Amino acid sequence: MSISNPEYFAMTFDMEGYDNEIWMAMLSDWPFEAFHEDGNTIIAYILKHDITQDLLESVNEAKGIRFREYEMDVVPDQNWNAVWESSFNPVAVDDYCYIRAGFHAGSTEGFKHEVIIAPKMAFGTGHHATTYMMLQAMSKLDFQGKRVLDFGCGTGILSVVAAMEGAAEVIGVDTQPEAKENSIEHSILNYVEHLCDFREGGLEVADPGLYDIILANINVTVIAKHFEELKAMLQPAGYILLSGIMTYDRGYMEQHISFPPLEVVEINERNEWLQVTLKK
């Protein structure tokens, strides 16, 4: 995509002494178009009309808590594909999954799956701890012939890998229209579009019936709100994989999410994020 007028702003955050991933995850609540990390700096790009007073107030309140300082400047005309390409590096999830963009070098030996993506955002690509842990957890399950629900599918990466693992059917739902479009694009890039069905909306747009595996990499409040529904949608002996939960939200999770009769198989932690695997 090329932008022909200077309507974009770059917010440059000095992250020295602070956690990049946590602040980028919080920034994802706003309509930033792309992120670029360079050492202790995050540059977040946003359209001028998306810069609201609420956003600026929230950023200023976070100064000294989530980052040191920030600057905001108009972005001149430039090749946005080049911006994304310069900020995106391949991701290796153990020896299970190698995630790369089309402009990177060809296939890499030693990985079970190679996933091609069209990077536009830093989330849902494997860079973020939640997606990374979800893929690690998925590597331990048998997807062959299974019916899978991806609740909050985002970029569709988890759905694509589930299909690559041999799932018979993958339904991905997300309330954001761009998530549906991006997920469809990734399923086509990886030749699994015939196994994946992406829909705009919440659980109400998912097909009825039970699922063998449910993936929910979203956030703790949405998980808590819909967890009883998710449990009811799970086959006996099925699995639910959860993430998008920060370590400081563990108390909230334990207070608001009732796991029984599901068994906690494991709880993993990476960069202040949690991933939970449950079995019915």
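## Close-up views of a predicted model

View 1. H5 itself is mostly covered, with 7 of its 8 residues buried. Those buried residues are Ile157, Leu158, Ser159, Val160, Val161, Ala162 and Ala163.

**View 2. Helix H6 and its buried side.** H6 runs over residues 177-189 and has 13 residues. From the first C-alpha to the last, H6 reaches 19 Å, close to the 18 Å expected at 1.5 Å a residue. Its buried residues are Ala179, Asn182, Ser183, His186 and Ser187. They lie on the same side of H6 because they cover an arc of only 135 degrees around the axis. In an α-helix there are 3.6 residues a turn, so residues three or four places apart point the same way.

**View 3. What covers H6, and the residue after it.** The cover over the buried residues of H6 includes helix H5 (157-164). It also includes three strands: S7 (113-117), S9 (169-174) and S10 (196-200). Just after H6, Tyr191 takes a positive phi of about 60 degrees.

View 4. The structure holds 0 disulfides. For Cys196, the closest cysteine sulfur is that of Cys153, 9.6 Å away and therefore too far for a bond. A disulfide would be a covalent bond between the sulfur atoms of two cysteines. Cys196 has 12% relative accessibility and so counts as buried. Cys97 also counts as buried, because its relative accessibility is 0%.

**View 5. An aromatic cluster.** Phe13, Trp23, Phe67 and Tyr70 are linked into a cluster by ring pairs. The structure holds 7 aromatic pairs. One of them joins Phe67 and Tyr70, whose ring centres are 5.9 Å apart; their planes stand at 90 degrees, so this pair is edge-to-face. Phe67 counts as buried because its relative accessibility is 0%.

**View 6. Arginines over tyrosine rings.** Arg147 lies over the face of Tyr211, at 4.2 Å from the ring centre. At another site, the charged end of Arg270 sits over the ring of Tyr132, 3.8 Å from the centre of that ring.

Notes. Residues numbered from 1 in each chain as written. Predicted model: local features only at pLDDT ≥ 70, side-chain atom pairs only at ≥ 80, totals over all residues. Heavy atoms only, no water. Helix = DSSP H or I, 4+ residues; strand = E, 2+ residues; numbered from the N terminus. Expected span 1.5 Å × (residues − 1). Buried < 20%, exposed > 50% of the residue type's maximum accessible area, 1.4 Å probe, protein only. Arc of directions from axis to C-beta. Contact = heavy atoms within 4.5 Å. Disulfide = S-S within 2.5 Å. Phe/Tyr/Trp six-rings, centres within 6.5 Å; stacked < 30°, edge-to-face > 60°. Lys NZ or Arg CZ within 6 Å of the ring centre and 35° of its normal.
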